Amino acid sequence: MKSLSVNAQIFMIAIWWLKDEAYGVRIRDKITEMTGRRFTFGTLYNTLDLLAQKGYITSRPVRIINQTGGNKRVYYTLTKAGLETLQKARELQEAIWKGINSCTFQKGEK
Amino acid sequence: MKPSPSPPRPATRLIRRLDRYRTNHAIVDDMHEVFSRISREKSFVRACLWYWAQCLDAVAKDLLFKARWGLIMTKNYLIIALRSIKKHRAFSFINIIGLAIGIAVCMLIFLYVDYELSFDSHIIDKKHIYRIVTHINRPEGQEYTGGTPFPTAAAMRSDFPGLKKSTQIYLDSDVMITVGEDRYIEDQALFVETMFFELFCADWIQGTMSQAFNDPYTVILTKRLADKYYGDTNVIGKVLRLNNKFDLRVAGAVSNPPRMTSIPYDMLISWKTLEAYWNSSRLDRWDFIDGDSQTFILLPEYVGTQSLENQFESFEQKYMDSDYAKSWSFRLQPLGDIHFNPRYGSYNYITSRTALYTFSSIGLLILVMACINFINLTTAQAMNRTREIGMRKVLGAHRSQLVRQLIGETSLFTLISILAALLLVRSVLPYLNRFLGNNTELQILSDGRIFFFLGIIYLLVSGLNGIYPSIASTRHPPAETLKDGFSYRRKRAFVFRNSLVLIQFVISQMLIVGTLIIAGQMKFMSKKDLGFRSEEMLTVPIPVYEEARCEALRSRWMQNPHIREVSFAWGAPASRSDFSTPLEYEASGDIVEFPVFIKMCDKRYLKIYQIPLIAGRFFARNANDESDIQWVVSASVTRRMGLSGPQEAVGKRITVNDIKGDIIGVIGDFHEFSLHRELQPTVFFNFWPSNFREAQILLDMQDIGGAISQIQEVWSEFYPEYVFQHEFLDEYIKSMYETESKLMILIQSASFLSILIGCLGLFGLVSIIVIQRSKEIGVRKILGGTAASIYSLLSREFLKWVALANVIAWPVAYYAMHKWLQNFAFRITIGWEIFLISGSAALVISLMTVSFQVIKATSANPVDSLRYE
């Protein structure tokens, strides 16, 4: 099983947080809330496409009716494989950071 | 509740377009949602700004992406293209040269046609200026002249309120100017009124319009003459002498008129000078038209040409005698028409529209041939690359990409060809300028239009040449091309390419036939006996003829052993000056009247020109006076008089130019004009010796330079105040056929180029077929086919097409050349042998082209073509 890129982790965690509410606008907002990064929708969907292709998430288009008329949304959910990979990624993170309290720059080091 | 605002439409459309390949997304809807949130929370404007920013960002990213990949592929295409050029050096060279020649010819013709069409465009009021021309109704038919009687413009100014701006001009094409001790002959002295400057603007270097021309004897010089005479343009107040008669005061200087003008001039002389210039006052006569006296008017926009022409009739009746008013009628000719209409003549040379069309179509034909040839060669070459194309297809190249690649390659070739063509044009241009004559000055960089033209050629040629080969070679499924390499066994493609070659050979065949017939006619004309001695004759103008003085001059000249005889006359049998007048003859009550040409000469004329005397005698004295009128007529005069033989004419009384006299002799007919015209009846006389304006000198052509310089020396002693000029008669006669000899050179080079390009095309076609049939050739050889049999098998196929092309071309060429020959009163007949020669020439040339490839194919080892790995 391959390791996930940081971007992929951010996206998948955002989807995990949002549960049933995970569609384009919400995912984008959530990521901004979590990391302060602001993606364009193009980048957003490109990444989501990639994750869906790998089988970590699934998509589900929904047509909803609101006051302004029809609106299309695509909802995403994590798959089992996705969750497992995410978990692996977290373990990997913790493993590589083990024992380090802070890694600020200190005098004397190069 | 008020509906929430929607995002800007064009932006939405843009996003949808960029996103069109993905369907499982909701980008637009998502963006819409964010948009309404921003507009709810902040403002609508902020929302729009955000939306647009997103859009532009997306567009920028998309473009960058495409450019990056496009660049990578272009680089690959370029490498492949250069490699294939390198690999097939000869092929590429032929290809580029063929196209470059086509483009160069097209460019030269564009430059020429553009130059001719720009005539008079420097005149600001060109569209509103008209020339008054005269139609002359004669019993023999209508004649036309661009001239009008001298008082026409003045009368128009006073009679027509709309024609206040009318002006009369007169061109003297032979004046002598004396500046200090130096003498010059000028051929463009224009006499003009002050009004001239209101119609045709002049660019003043010195002086102003108002200063000039209030007085007689004033002149305005162009910069060219000012430089020639004085070395600078500070010329006001200087004095020069006109024809040894008058002093002219220089009143100003103007810049040179452009070469492309129907009203050329080197100097402008005030109109009032004319009255003194001629001893008799011609300026008030309404019964006399000099073709060099012309009227120009500036027509106000509210006057229609038709209604004005209708008013001319009463105008003519008011001023002219009824005879003249009846036969002469004025018409309007637009200034823009003068350069292109041979009917009325012009001060400058005339280029007929037909010639321009012919030029343009020859240029287009050659370009088309070059393109056809290019298509053939490119298609042939693309066949060698079917494997590459197949491989690209397998690797996922879209067909449009392949087409784009091949079109791109073609445009690379076109670009190289255009650069080569530019070089060619640059090196050929000086020769072309000299060839065209008339001081033509074509330049490549005269303006940006040539680049516009080249741009169009570039798009046209690369588009035209790229589309067929690329479509043809990307049409087939990859499996087929990869397996076999050559899958061009389709009949249709063959027919297409063969017919392209067919067209080329039709064109070249027509041009060859044309060349042969024109050459035949030229040879016929140079060999034709003109009825007089045309070689070894030198003509020298004589300013004043006085018998005693000229006899003295003659005897001085005759001391030179190289000068065999001298005669004084109005002009040579064939010369620039001709004068037509009616001859009347009363035969048993009926009056026969017909126009004849008259010539004046002394007693030695007949001998020096070796014109045979048929009956009677020639003049016994050099000059008779008017009390003793004698006529010598040419044989065709006696025929027109209705006499049974020349003997009968001697002693008959005729009236020529209203002068009665007896015919004393009959001489043989001779060609007074070029062979375009029939033999003209001519009458000689020897009174009015002041009209003997030329010495006719017979040289023995031993020491020409020495003889001429001696002639000049003696001449200058006798006429110290004049400028010596001379001309060989045979050169003048040659100049009468200048148009034809130019046409011949043109057609010759066109046919040479078309054969060259046609052979290139044929070469390409042969290469294709030889490659395609290499297996068949191998099998034939193994089964015992001889090289000769295979050779004839292959070449027969091409010769069939060439022969067919000949058969198509012949009737067209025959018809065209038959029409051309109608221009000549004396002409050759088109015989079958011309077609035989041109046909077999085409066959032989194409056979030679084909042989190279075919012999290579027949002599190849069959193992190479049949081996199958």
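Two residues are in contact if their C-beta atoms, placed from the backbone, lie within 7 Å. Helices (H or I, at least four residues) and strands (E, at least two) are DSSP runs, numbered from the N terminus. The structure is a predicted model, in which local features need pLDDT of at least 70 and side-chain atom pairs count only at pLDDT 80 or more, while totals for chains, interfaces and linings use all residues. Residues are numbered from 1 along each chain as its sequence is written, and chains are lettered from A and ligands numbered from 1 in the order in which they are written.

Chain A contains 4 helices and 2 strands, arranged from the N terminus as α-α-α-β-β-α. Of its 110 residues, 23% are buried (20 or more other C-beta atoms within 10 Å of the residue's own; exposed means 12 or fewer, and partly exposed lies in between, with C-beta atoms placed from the backbone). Among contacts in chain A between residues at least 6 apart in sequence, those joining residues at least 24 apart make up 51%.

Chain B has 28 helices and 24 strands. Its radius of gyration, taken over C-alpha atoms, is 38 Å, well over the 29 Å that the globule rule gives for 869 residues, so chain B is more spread out than a compact globule. The globule rule is 2.2 Å times the number of residues to the power 0.38. Along the principal axes, the C-alpha atoms of chain B fill a box of roughly 115 × 95 × 55 Å. Buried residues account for 35% of the 869 residues in chain B. Of the contacts in chain B with a separation of 6 or more, 79% are between residues 24 or more positions apart.

The contact between the chains takes 14 residues from chain A and 16 residues from chain B. On the side of chain A that touches chain B, two or more residues each come from α2 (24-35), α3 (41-54), β1 (57-66) and β2 (69-78) of chain A. The most come from β2(A), with 4 residues. By class, this side of chain A has 5 nonpolar, 7 polar and 2 charged residues (Ala, Val, Leu, Ile, Met, Phe, Trp, Tyr, Cys and Pro count as nonpolar, Asp, Glu, Lys and Arg as charged, and the others, Gly among them, as polar).

In helix α5 (residues 152-159) of chain B, the buried residues are B:Thr152, B:Ala153 and B:Met156. They lie on the same side of α5(B), because they cover an arc of only 95 degrees around the axis, the arc being that of the directions from the helix axis to the C-beta atoms. The cover over these residues includes β1 (129-138), β3 (166-172) and β12 (293-298) of chain B.

An open sheet of 4 strands in chain B has the order β15-β23-β14-β24, with antiparallel pairing; two strands pair if DSSP finds at least two bridges between them. At the edges stand β15 (563-569) and β24 (727-728) of chain B, each with a single partner strand, so one side of each is left without a neighbour in the sheet. Strand β14 (residues 537-541) of chain B pairs with β24(B) over 2 bridges, and B:Thr539 stands opposite B:Glu727 in β24(B).

Most residues other than glycine have a negative phi. B:Asn243, in the loop between β9 (239-242) and β10 (246-254) of chain B, has a positive phi near 50 degrees.
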